[in-house]
Amino acid sequence: MATLEDKLLGEKLEYYCSSSEGEDNGDDGDEPKGASGKSRSSGLTIDTNPDATPAGGFRQQSSTNTGPKGVVKDWQRFKQLEAERRDETERQRLALAKKLTITTATSAEDEERKRQEELDAELDELMSEDFLQQYQKQRMAEMLRQTGHHQQFGQVQQLTSHEEFLACVEQENKHTTIIIHIYERQLAACATLNKCLDSLATDYPSIKFAKICSSVAGMSRDFRTKGLPALLVYKAQAVIGNFVRLTDDLSDDFFASDVESFLIEHGIIVDRALYN
């Protein structure tokens, strides 16, 4: 039967020294250890197996009370976790923004590359040889029309006097190129050059071709012997070309194409392939 002290102390009878003598049968002798591993001596109850689990399977443990310091630590830990969450959210936001920026930049670069490829394709088309030749012909034709080359001649004019020679040069449009052949009837090279000029007059109708006998033009005997055939080229009443003894450049046997190339090389006429 529990004593008053037992009721006051509750079940915490371990390590408790009772002042009651003779309790538990009042036997002063040694008592064998029970199954619980406790030994009794002179009313002193000692638990020799503190790790043993009490009846009911539970061990009573003391509880820890949280003081002001614990509250402060809990608050500091909460703020630390909150800051870590903010940092993680910021990192995720920056990563997403970077990803979206890269995606947007990649799309813009793709569009820019496509536009550049289209421009390159158009430029290649514009720079093609056929297009350039056609454009050059159109520009040449336009320039010739603007400079008065719309006038058509188509044949070699025969000049029979010195006055006709002066009128041929002085009364012509300033944009018209005038090519005059000074010839001598007895020279074979002069006859060949007349035939070539007849052909070129047809191919270049905007250029004024003419011929005059050296004696009619008032040339000296020495010039007629050493300087023929000769070509005089005028434009805006000024001499822009003076070619004597053409056989030195063309040889004794030449053709209209040779004369044409000679005049093109010296800048007298423009190659008809550029505007025809």
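Is D248 buried or exposed? With a relative accessibility of 52%, D248 counts as exposed, because the cut-off for that word is over 50%. Keep in mind as you read that this is a predicted model.

D248 also has a partner. Its side chain forms a salt bridge with R245, and the closest N and O atoms are 2.8 Å apart. R245 has 38% relative accessibility, so it counts as partly exposed. Side chains of opposite charge can pair when their charged atoms come close.

A search of the whole structure finds seven such salt bridges. E88 is partly exposed, at 35% relative accessibility. Further along, E112 forms a salt bridge with R115, again with a closest N to O distance of 2.5 Å. These two residues are separated by about one helical turn, because they stand three residues apart in helix 2. E112 is partly exposed at 40%, and R115 is partly exposed at 44%.

Now look at a negative surface patch, formed by E117, E118, D120, E122, D124 and E125.

F131, L132 and Y135 form it, with about 290 Å² of accessible area together. L132 belongs to helix 3, residues 129–146, and is partly exposed at 37%.

Next, turn to the aromatic rings, where the whole structure holds two pairs. In one, F165 and Y234 have ring centres 6.2 Å apart and planes at 80°, so the pair is edge-to-face. This pair links distant parts of the chain: F165 sits in helix 4 (residues 162–170) and Y234 in strand 6 (residues 230–235), 69 residues apart. F165 counts as buried at 13% relative accessibility, and Y234 counts as buried at 11%.

The other pair joins F243 and F262, also edge-to-face, with 5.1 Å from centre to centre and 75° between the planes. F243 is in strand 7 (residues 238–243) and F262 in helix 9 (residues 256–265), so the pair ties together parts that are 19 residues apart in sequence. F243 is buried, at 14%, and F262 is buried as well, at 7%.

Notes:
Residues are numbered from 1 along each chain as its sequence is written. This is a predicted model: local features need pLDDT of at least 70, side-chain atom pairs count only at pLDDT 80 or more; totals for chains, interfaces and linings use all residues. Side-chain values use heavy atoms; hydrogens and water are left out. Patches are made of residues with over 30% relative accessible area and no salt bridge: like charges are joined within 9 Å, nonpolar side chains (Val, Leu, Ile, Met, Phe, Trp, Tyr) within 5 Å. Accessible areas come from the Shrake-Rupley method with a 1.4 Å probe; for residues, only the protein chains shown count as cover. A salt bridge is a side-chain nitrogen of Lys or Arg within 4 Å of a carboxyl oxygen of Asp or Glu. Lys and Arg count as positive and Asp and Glu as negative; His and the chain ends are not counted. The place of a charge is taken as NZ of Lys, CZ of Arg, CG of Asp or CD of Glu. Rings of Phe, Tyr and Trp (its six-membered ring) pair if their centres lie within 6.5 Å; planes under 30 degrees apart count as stacked, over 60 as edge-to-face and the rest as tilted. Helices (H or I, at least four residues) and strands (E, at least two) are DSSP runs, numbered from the N terminus. Buried means under 20% relative accessible area, exposed over 50%, partly exposed in between (1.4 Å probe, protein chains only).
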